[in-house]
Structure formats: C-alpha cells, structure tokens
Amino acid sequence: MNTPLLKVEDIHKRYGNEEVLRGVSFEVNRGETKVFIGPSGTGKSTLLRCVNQLTPPDKGQVFLEGTEVTHHKSDINRLRASIGFVFQDFNLFAHLTAMQNVSIGPSKVTRMHKEQAQARALAELERVGLGDKANAYPAQLSGGQQQRVSIARALAMDPKLILFDEPTSALDPELIGEVLEVMIELAREGMTMLCVTHEMGFARSVANEIIFMEHGVIVEQGPPQQMFTNPQHQRTGEFLRKISELYGETEK
Amino acid sequence: MSFLFKWEWLPKMASGLVVTVEVTATCIAIGIVLGVLLALGRVYGRRPISLPCSLFIQFFRGTPLLVQLFIIYYGLPNWGIRLPAFVSGILALGLNTAAYQAEYFRGAIQSVKKGQMLAARSLGMSLTQSIRFVILPQALRLVIPAWSNELILMLKSSSIIYLVTIYDIMGVSQKIAARHFNYFDVYVVAALFYLALVLIVSLLLRLLEHRVQIPGLGVHADRR
C-alpha cells in the first residue's frame, strides 16, 4: 500500500472567538500539485501554516510520510527542513545576498560544507533564472525576482513538498508570469506542491486537484476540469466564475 | 584673567585620558554582551526569564548612576563585599549602560520584520539559530544610530568615577586644579579632552555604520 506523502486530518484552529479552521482533512501523493482556493479569511493560509507548524493547530494531525508532524515529541526543525515554504511577501533575509539567502539553509540547517552549499545555491538560482543576481541584496531585486529567489531558497533544502502561500498576490501584474513559469516548471518536474493561489491558469495547466474552501471547511474538491465545468456545489461555480473573470486565464 | 594652563600638566591629563578610554571601552563591552542578553530575554523569554530582565532594566534606568556607583563602592563593604575602586566604577557603569543598551537592542530586535523569523523557522532553523543568523545581524545594524548616543553618553558619564578615587580625565584634572588653584583653565582643557574623544568616537561610529550598511536595510533605506 502506498502511504500518501502528506496526510492532514481534521485540523481545527481558532483565533479568539473566530474558528478559522473547522475540521479540514486531505491527502497529497508524491508529485501532486493541489491548489487551494476560496474567499479571503477562509483559513487557506492558516491551513498551510498548520502543515509545517508555523501555526500549531488546536486539534488534528499532520503526517509527513507517516511521521506525525503535530506530535509534541517530533523534531519539528528537521521536519520543517523538508517542507519548503514560499511566502506571499517573500520574506527574503534582508541582510543577505540572493546567494546567501539560498545557501544559508543547507549550510546552517543541514550542515552542508560551505563551498558545497554555495555551489548548490548557485545551481538553484540558475534554475529559477537568476544566476546573474547571486550577489544582489533583496532590496535590489524586483518583487518577481525576490519571489524566485525565495523559491530557490526552498528548493535548496531538497524539500519533499513545497507550500506556496499566495506566491503572486503581492506582485505587480507584469511580474506574476515569471514566478508562475517557475512554479509550472517545478510541477512538471514532479515536485509535490500545495498552493494557495487564485491563478486559475496555473491551476488549469498543472493542478491535479482544486480544493475549494469556505468558512474553515473544504466545500468541494476535484480535478480542475470537473471543478470548472461541472461543480457539485453552487458556491464553487460562483466562486470559480468570479475569480476567472478577475484573474483571467492567460497562462499557457 | 589670562589662560594659565601649563603644558607640563598635559602628560598627566593624557594618562587620565587613557583611563577614561579603558573604562569606557570595558563598560561598553560589558554593556553590549549583557544588553543583548537582556534584550533577548525580554523579547523571547518566558516570564521567569523576561521578568527578571525587565526588573534589572527598570532598576538601572530608574535610579541615578551616582547612587548605583556609591551602593557598589561604599555600600557593598557593609555586606563584606569589598571591590577595588576601578572594578566598582566599571561595574556600575557597565550594568547601567547594559540596561540602556538592552532597551535599544530590544527596539531594534522588534523592528526586524516579523516574516524574517517565520522564514528562518520554516527553513528548519531552531529559535537560537534564527536569532543568531537572521535576527541579530539585522537588529545590530539597525541599532547603530541610537546606540551611538549611548556610547557617547557613557563616555561622558564615566567622569563620575573620579568620585571613587579613579584618576580618569576628570580625576586627574580635579587633582591638578586643586593643587594649583586653577579650576577654570584645567576644567576647560578637560572638557576639550572629552570633546575630542566624542568627536573621534562619532566619526568611528559613522564609519562603522557605513561599513556594515546593506542596501535596503536600516534607517537610510526609508529615505530613498
């Protein structure tokens, strides 16, 4: 039997009086790309953060290859090292160059030799098309470039999966394409990805499944084709139409 | 009235200057180490750690430096703790500046963007690694302008240690002035010594700030 790469079970999270997540469960197999959509404030980002415990859930469990991430005795730092996270506002380390941003993970967390970590960093920067920006500081890069560096930073850790939290929402429209291109390439190469995004072109071209969330629960999930043409819930259809209008579907 | 300062007094005063520099440098070093630890304790510590840190800072910022110095030098012997004058002076100044520096460091640590810590943790760094490799390198750069003031203040405040018989610039001057009954000239020269030191330190700090500056990080970043 194949254990799924990631198994999320009955996640609950409450902030004060507001229950942001009300029992969310799903599974991800190796090489799959899943896209989370839904109105803002429905807990999609919180859900991603519960996966790597940046936000510990109140209830529920997360398993990575059968190891319980949520267990209080689990080595959370080691588990996080194998789960990439790409933030909406990049969060590149402001005092480090692009190269150092990418090499700091391998060198400090996995204790890779310094030269080796740098070689790896350069390779990942080249992979996202930024080999020539290795010595630039984050403030000297455009938003799109910063986000690509942050993807390279995640890749340098050899992650088992990468979580993308609205990776293009903070970008100017003309910079979105370069980031999506990198993400599409990754998905095609077989990287396992969980993406909170409203880029439906991206979802259509590489997602194995779209998961529609509202009010802290999964309303509906299914392959993009089915979700677009034959949604089972009225809300799913309405929402998909709305964001397709808003974001267009210009992706290849 | 004419200026009656005698050049032969200068070597004596220069020896006082060396003492002032030594004392200040030592105190600042103590202040940096202790100040960073106190700031980290306040920001990241749970209550059993953050509370004592806060109390320490409150006490040393809330009472006069002179009182602190006298408690250590004249007060502690009542409890059987007899510290040499030099040690007492350094201790009082060091603990005092640590409290002030701690507040500057705390402000700088808290002004590092929140996402920096999240990004560090998401890479699998421990809290300690995140602080060491991500938070402090940024906070220590951000703190330089505010921290420079504290260094300069400390340089000048160190003059009170002449009251526990240490011959720093002030101590030497006081002795010369009293012996030759020439207060004005000697103290004016003493003031010039301090002024020169302050100018040199300010210059060095500006060089340091410039040297460690990173594009997009720090106070200058906002002005672009």
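1. Starting with the sheet in chain A: six strands form an open sheet in the order β6-β7-β8-β3-β9-β10, and the pairing is mixed. Strands here are DSSP E runs of at least two residues, and helices are H or I runs of at least four, both numbered from the N terminus; two strands pair if DSSP finds at least two bridges between them. From one strand to the next the twist averages 20 degrees.

2. A word on what we are looking at: this is a predicted model, in which local features need pLDDT of at least 70 and side-chain atom pairs count only at pLDDT 80 or more, while totals for chains, interfaces and linings use all residues. Residues are numbered from 1 along each chain as its sequence is written, and chains are lettered from A and ligands numbered from 1 in the order in which they are written.

3. Within that sheet, β3 (residues 33-37) and β9 (residues 209-214) of chain A pair in the parallel sense over four bridges. If you want a spot to look at, I37(A) stands opposite F212(A) in β9(A). Helix α5 (residues 143-155) of chain A lies across β6 and β7 (161-165) of chain A, and runs at about 170 degrees to β6(A). Angles run from 0 to 180 degrees between N-to-C directions, with axes taken as lines fitted to C-alpha atoms, for helices over the stretch in contact.

4. Chain B has nine helices and zero strands. Its C-alpha trace spans about 70 × 50 × 20 Å along the principal axes.

5. In chain B, α4 (residues 85-111) packs on α6(B) at an angle of about 150 degrees, with the axes 8 Å apart. That makes α4(B) roughly antiparallel to α6(B), a label used for angles over 145 degrees. Their crossing is right-handed, meaning that the near helix is turned clockwise from the far one by less than a right angle. Among the residues that meet, α4(B) brings Y100(B), Y104(B) and F105(B), and α6(B) brings L142(B), V143(B) and W147(B). The residues of this contact divide into 13 nonpolar, four polar and one charged. Nonpolar covers Ala, Val, Leu, Ile, Met, Phe, Trp, Tyr, Cys and Pro, charged covers Asp, Glu, Lys and Arg, and the others, Gly among them, are polar.

6. α6(B) also packs with α5(B), at about 155 degrees and with axes 10 Å apart. That makes α5(B) roughly antiparallel to α6(B), and this crossing is right-handed. Q116(B), M117(B), A120(B) and R121(B) in α5(B) meet S130(B), V134(B), I135(B) and Q138(B) in α6(B). The tally for this contact is four nonpolar, three polar and one charged.

7. On to the interface: 21 residues of chain B are in contact with 22 residues of chain A, contact being C-beta atoms, placed from the backbone, within 7 Å. On the side of chain B that touches chain A, α5 (114-122) and α6 (127-157) of chain B each supply at least two residues. That side divides into 11 nonpolar, eight polar and two charged residues.

8. As for confidence, the model scores ipTM 0.93 and pTM 0.90. Chain B averages a pLDDT (the predictor's confidence in each residue, from 0 to 100) of 93, and 96% of the residues score at least 70. Among the elements of chain B, α5(B) has the highest mean pLDDT (97) and helix α9 (residues 219-223) the lowest (49). Where pLDDT is low, the predicted coordinates should not be read in detail.

How values were computed
Two residues are in contact if their C-beta atoms, placed from the backbone, lie within 7 Å. Angles under 35 degrees count as roughly parallel, over 145 as roughly antiparallel, 65 to 115 as roughly perpendicular and the rest as oblique.
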